[in-house]
Every structure is written in structure tokens, then in C-alpha cells.
Amino acid sequence: MKDLRKQFLGLIEDVGFASRGEDFDENSGSMEIVKAVICSGLYPNIAKVKPIVKEGQIKYCVFETKKGTVYVHPSSKMFKVNEWPSKYVVFYEKVKTSNIYIRDCTMVSPLALLTFGGALKIYHKENRITVDRWISLGAAAKLAVLCKRLREKLDELLAKKMKNPNYETYDTAV
């Protein structure tokens with residue numbers, strides 16, 4: 001893992017996105033930021049948690065992806081999770097054995113999906129915003145518009161940085 005990290009750091013430095021000696025661990029203690037970055041890298045591998053409740057208790061969960069129902073692989077640490085602060089997980093891979101399973105998954109917040117997921121569409125009258133027209137989130141119209149505008153500004157900023165790696169983003173108004 002350490003060698004892989006060095007290799008990625010070298011690639012980032014080679015294209016001008018980083019300078020030697022920069023502090024890249026500044027946000028490593030924030031699990032929400034780490035999960036948002038993972039969400040960004042693995043999107044569209046998203047699944048929505050659907051708990052199956054029997055006798056008032058969650059017995060197990062199924063997950064809905066854009067392409068259908070999947071299950072968390074029994075070898076996954078998330079297999080026995082019974083509390084879901086977020087209804088969404090991002091996953092690395094799907095495998096098919098007796099069922100279709102997802103592996104290497106972690107919960108992500110709706111905010112991470114709004115910020116780093118797919119295309120946003122606002123439904124003003126319904127107070128809803130969707131990500132890729134299938135992940136539907138409740139949001140007042142004003143808030144939905146602000147989320148979409150923030151996303152557009154972040155996309156513009158990233159495009160500028162991709163075009164010119166020396167472009168300084170830290171003092172840019174978003």
C-alpha cells in the first residue's frame with residue numbers, strides 16, 4: 001500500500017497537481033471527507049439500503065442499484081451492520097455467485113452524492129433533487145438550487161485545475 005501511495009503521489013506531482021513536501025494528510029482524520037473522496041472515485045457504484053424488517057427488527061438488508069437488487073457479500077465487514085445512518089453505500093465491485101453481491105463498500109452521505117455523484121435534477125414543486133434521476137432526496141427548492149449551483153462551481157474549478165495544474169484554487173471564491 002505504501003508503494004502504491006508513493007506511485008500515485010509521483011504521478012500527481014508529474015502532472016503538476018502537487019509539489020514535493022506538501023501536506024497531503026491534512027484531511028485524513030475526517031472520515032466524512034475521506035468517504036466523499038471515495039464516493040467521487042467509485043461513482044456510479046452506489047446502492048441504496050433497503051432494510052427488511054420482521055417483528056419490528058431489521059433481519060437483513062437488500063440494496064438497490066440503478067441496475068437492480070444486490071446483497072452485501074457475507075465476507076464484507078458491512079454484512080452484519082444493522083444501523084444505517086445513511087441509506088447509501090458506495091462499492092468497489094459486484095460479483096455473481098448464488099446472488100449478485102457487492103464488496104468493499106462503505107456508507108456515504110447524501111451530501112457526498114450531491115457533491116460528487118452524477119447529474120442533478122431539481123423538482124421544485126415536489127421539494128426533491130435527484131442524482132442521475134434515480135437517487136431521490138428531499139430538499140427545499142432553495143436548498144436544491146444552492147446544491148446544484150455549488151456543484152456547478154466545483155465542476156468549473158476542477159476543469160480549470162485540469163486544464164492548468166498550476167492554477168491556484170485555495171483563494172478562489174466558490
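This is a short chat about a predicted model of one protein chain.

Biologist: What are the ground rules for this model?
Modeller: It is predicted, so local features need pLDDT of at least 70, side-chain atom pairs count only at pLDDT 80 or more, and totals for chains, interfaces and linings use all residues. Residues are numbered from 1 along each chain as its sequence is written, and side-chain values use heavy atoms, with hydrogens and water left out.

Biologist: How many helices and strands does the chain have?
Modeller: Four helices and eight strands. Both are DSSP runs, numbered from the N terminus: helices are H or I with at least four residues, strands are E with at least two.

Biologist: In what order do they run?
Modeller: From the N terminus, α-α-β-β-β-β-β-α-β-β-β-α.

Biologist: What box do the C-alpha atoms fill?
Modeller: Roughly 60 × 45 × 25 Å, taken along the principal axes.

Biologist: Let's do the strands. Which ones close into a barrel?
Modeller: Five of them, in the order β1-β2-β3-β5-β4, with mixed pairing. Two strands pair if DSSP finds at least two bridges between them.

Biologist: What holds paired strands together in general?
Modeller: Strands of a sheet pair through backbone hydrogen bonds, either parallel or antiparallel.

Biologist: How are β2 and β3 joined?
Modeller: By three bridges, and they run antiparallel. A hairpin links β2 to β3 through two residues. F63 stands opposite V70 in β3.

Biologist: And β3 with β5, parallel or antiparallel?
Modeller: Parallel, with two bridges. Y71 has Y101 in β5 as its bridge partner.

Biologist: What about β1 and β4?
Modeller: Three bridges join them, and they run antiparallel. There, A47 stands opposite V89 in β4.

Biologist: Which strands make the open sheet?
Modeller: Three strands, in the order β6-β7-β8, paired antiparallel. β6 (120–123) and β8 (135–138) stand at the edges, each with a single partner strand, so one side of each has no neighbour in the sheet. Neighbouring strands here are turned by 25° on average, direction ignored.

Biologist: How many bridges join β7 to β8?
Modeller: Four. R128 stands opposite G138 in β8.

Biologist: Which strands does α4 lie across?
Modeller: β6 and β7, running at about 160° to β6. Contact means heavy atoms within 4.5 Å.

Biologist: Now α1. How many residues, and what reach?
Modeller: It has 13 residues and reaches 18 Å from its first C-alpha to its last, close to the 18 Å expected at 1.5 Å a residue. The expected span is 1.5 Å times one less than the number of residues. Just after α1, G16 takes a positive phi of about 90°.

Biologist: Last topic, the largest pocket. What is its volume?
Modeller: About 2,100 Å³. A pocket is an open set of points on a 1 Å grid over the protein atoms alone, where a 1.4 Å probe fits, with protein on both sides within 12 Å along at least five of seven lines. Points are joined across faces, edges and corners, and the volume is the space filled by probe spheres set on them.

Biologist: How many residues line the largest pocket?
Modeller: 40, with I12, F24, N27, I33 and V37 nearest its centre. Lining residues have an atom within 4 Å of a point. α2 gives the most, with seven residues.

Biologist: How does the lining split by class?
Modeller: 19 nonpolar, 10 polar and 11 charged residues. Ala, Val, Leu, Ile, Met, Phe, Trp, Tyr, Cys and Pro count as nonpolar, Asp, Glu, Lys and Arg as charged, and the others, Gly among them, as polar.

How values were computed:
Axes are lines fitted to C-alpha atoms, for helices over the stretch in contact, and angles run from 0 to 180 degrees between N-to-C directions.
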